[in-house]
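Here's a walk through one model, taken a piece at a time. Have the structure open and follow along.

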Amino acid sequence: MAPPEPPAPAPAAATPPVSRRRGRLLAWLVQGTIWGAVALAALFLFFAWDLPRPEDALAITRRPSVTLEAADGRLLATAGDLYGETVRVRDLPIHVPTALLAIEDRRFRHHFGLDVFGLLRAAWVNATSGRVSQGGSTLTQQLAKNLFLTPERSLRRKVQEAMLALWLESRFTKDEILEIYLNRVYLGGGAYGVDAAARLYFGVPARRLTIWQAAVLAGLPRAPSRLNPRANPAAAAARGAEVLRAMAATGALTEAQADAEAEKIAFPARPSRDLGWFADWVMDDLAARYPGSADLALRTTLDLRAQALVEARLEALLAGPGAAAGVGQGAVVVLDAATGAVRAMAGGRDYRRSPFNRAVSARRQPGSAFKPFVYLAALEAGLSPDSTVSDAPITLGRWSPGNGGWRSRGDLPLDEAMAHSVNTSAVRVLQRGGGWRTSADVARRLGLAGPFPNDATIALGTGEASLMELTAAYAAFTNGGLRVTPHGIASARSEGRVLPAAAPAPARAVNPEHAQAIRRMLEAVVARGSGRAASAPGRLVAGKTGTTQDNRDAWFVGFSGGQVIGVWLGNDDATPMDDVRGGTLPARLFHDVLVGLPG
């Protein structure tokens, strides 16, 4: 039998058909697409997981605002978040949105929230200049950042900004986006939106903005705290001129018009550089007086002309004769004698360097400025201005008050002893008026809180008082004996409602005859005594000097024409001054303020 044939070799593997190769490619493509979608979804979730809800963020919450106005209605200061009226693009002058778009986003009407051309242009400019001189963010992106995000600089925040910008563009029209921006953008000074900023910086509503004013506001979003007219007028003007040139570049203005508008840029002078002391004092307990979260508008008692005068006169004195005599600080209060309304307040030399209020918070020894309360106690005990008192030396225990350069004359009428501020006479008047307790009670009745010493040294003003307390207490000597409470709020408004200003009404504290007698004595102080430097031709002036040991404090408190003026000079560390007494520089400053006050 023939042997079996060996098996035939296996045929060579055939090349896969084209359809199978395409099937594999399609499978890879599908898998790649799926995994890519998963990766993109993961990336999207990474960037979007902590995004705020835009609808919630648009319902913005803010701090209630407090607006302080001067007695004539001019804006003094603001606190909290200041918003104006909600504006519509159709109600604004055309140059308001035009200025904004010229400097911030010229292609706003043509992009979809992200400006590819703008990004490429900014990248090219930054690359060729070697520094970051341009940004590619659109107005919509800026709005997204300001409304929804933190100022953090990171890739994550930039991606979130782009995502929110796309959402805004899909949700709102271009005009609506522009309106949200114009009403919400921060423009410095606590002002949000163009209407609040227009009122804050120019005193007009947004619908009355001129071209150059609109240009200034349009330039603020870049650096609102640094470029605004109140913080840096020169920088604000330069930025406004830059916006006007941008408007000319877009054809909104001619070059000549832009130059003419730039020439008009001028900002009204701020009412005062030292209003901080008054503003702090007025707003100190607002939360207790006006509880709630509504916005407040407070019309204050401050007279801007009087405030400017007080600041100028105080600075002139401290920079001139005060500096030569070692005087480092001072404080001045002007108030209405009939009501206690504060018309002007300087709590020191420069609020920005030292916000401590020396008119309200500093408690110093008043020296002889306290003597009217001692003499009032004596009048209430039965003495009169014509009663006599000895000026001879006196010793109580180990204490023997001196009279300085005064030469003894024997017995003096009370008004003469007050006029020349004779210390030994004041101690005797204290004794005849019931002693230190009675004088302390009189002082408290008129608003001085003390503390006071429990001995006869109180006659020479060794207790403590603030300038505000002392000035308000003197009001009773000229208003017929009524105690007034110093206050700075004349009226209050909130959401269209008038609120009580809560200023206590003047109350009877002194017999009118006794008040008139003290006034007569204080007139003698200025007419022929230690306060002659305070006299003013053609005016009836009354007041009292005060000087403490080693010339550490010097006072003059007086009144004329229904206004009480208090002056204190000294140093924060109680360093002695060079022979500065109440009858010298303080009396001179009182005179300078008095003659310059509005009639």
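Let's start at a turn. In the hairpin of strand 1 and strand 2, with 5 residues between the strands, Gly-73 takes a positive phi near 95°. Keep in mind that this is a predicted model.

**The sheet around that hairpin**

What about the side chains of strand 1 (residues 66-69)? Val-66 and Leu-68 point one way, Thr-67 and Glu-69 point the other way, and all of them are buried.

Moving along, strand 5 (residues 296-300) pairs with strand 11 (residues 489-494) in the antiparallel sense, with 4 bridges between them. Leu-298 has Ala-492 in strand 11 as its bridge partner.

Put together, you get an open sheet of 5 strands in the order 2-1-5-11-12, with mixed pairing. Strand 2 (75-79) and strand 12 (497-499) stand at the edges with a single partner strand each, so one side of each has no neighbour in the sheet. On average, neighbouring strands of this sheet are turned by 20° against each other, direction ignored.

Now look at helix 3 (residues 95-104) and helix 7 (residues 174-184). They pack at an angle of about 90°, and their axes are 12 Å apart. That angle makes helix 3 roughly perpendicular to helix 7. Helix 3 brings Pro-97, Leu-100 and Leu-101 to the contact, while helix 7 brings Leu-178, Tyr-181 and Leu-182. Which classes of residue make up the contact of helix 3 with helix 7? The count is 6 nonpolar, no polar and no charged residues.

**Salt bridges**

Side chains of opposite charge can pair when their charged atoms come close. The structure holds 24 salt bridges, and the table gives some of them.

| Pair | Closest N to O |
|---|---|
| Arg-358 and Asp-572 | 2.8 Å |
| Arg-528 and Asp-415 | 3.7 Å |

Take the pair of Arg-358 and Asp-572, which form a salt bridge. Arg-358 lies in the loop between strand 7 (342-346) and helix 16 (371-380), and Asp-572 in the loop between strand 16 (563-570) and helix 22 (585-596), so the pair ties together parts that are 214 residues apart in sequence. Is Arg-358 buried or exposed? Arg-358 is buried, at a relative accessible area of 3%, whereas Asp-572 is partly exposed at 47%.

Next, Arg-528 forms a salt bridge with Asp-415. Arg-528 sits in helix 21 (residues 512-528) and Asp-415 in helix 17 (residues 414-419), so this pair ties together parts 113 residues apart in sequence. Arg-528 is partly exposed at 37% relative accessibility, while Asp-415 is buried at 10%. Both belong to a network of salt bridges that links Asp-386, Asp-415, Glu-416, Arg-520 and Arg-528.

Notes
Residues are numbered from 1 along each chain as its sequence is written. This is a predicted model: local features need pLDDT of at least 70, side-chain atom pairs count only at pLDDT 80 or more; totals for chains, interfaces and linings use all residues. Side-chain values use heavy atoms; hydrogens and water are left out. Axes are lines fitted to C-alpha atoms, for helices over the stretch in contact, and angles run from 0 to 180 degrees between N-to-C directions. Helices (H or I, at least four residues) and strands (E, at least two) are DSSP runs, numbered from the N terminus. Angles under 35 degrees count as roughly parallel, over 145 as roughly antiparallel, 65 to 115 as roughly perpendicular and the rest as oblique. Contact means heavy atoms within 4.5 Å. Ala, Val, Leu, Ile, Met, Phe, Trp, Tyr, Cys and Pro count as nonpolar, Asp, Glu, Lys and Arg as charged, and the others, Gly among them, as polar. Two strands pair if DSSP finds at least two bridges between them. Buried means under 20% relative accessible area, exposed over 50%, partly exposed in between (1.4 Å probe, protein chains only). A salt bridge is a side-chain nitrogen of Lys or Arg within 4 Å of a carboxyl oxygen of Asp or Glu.
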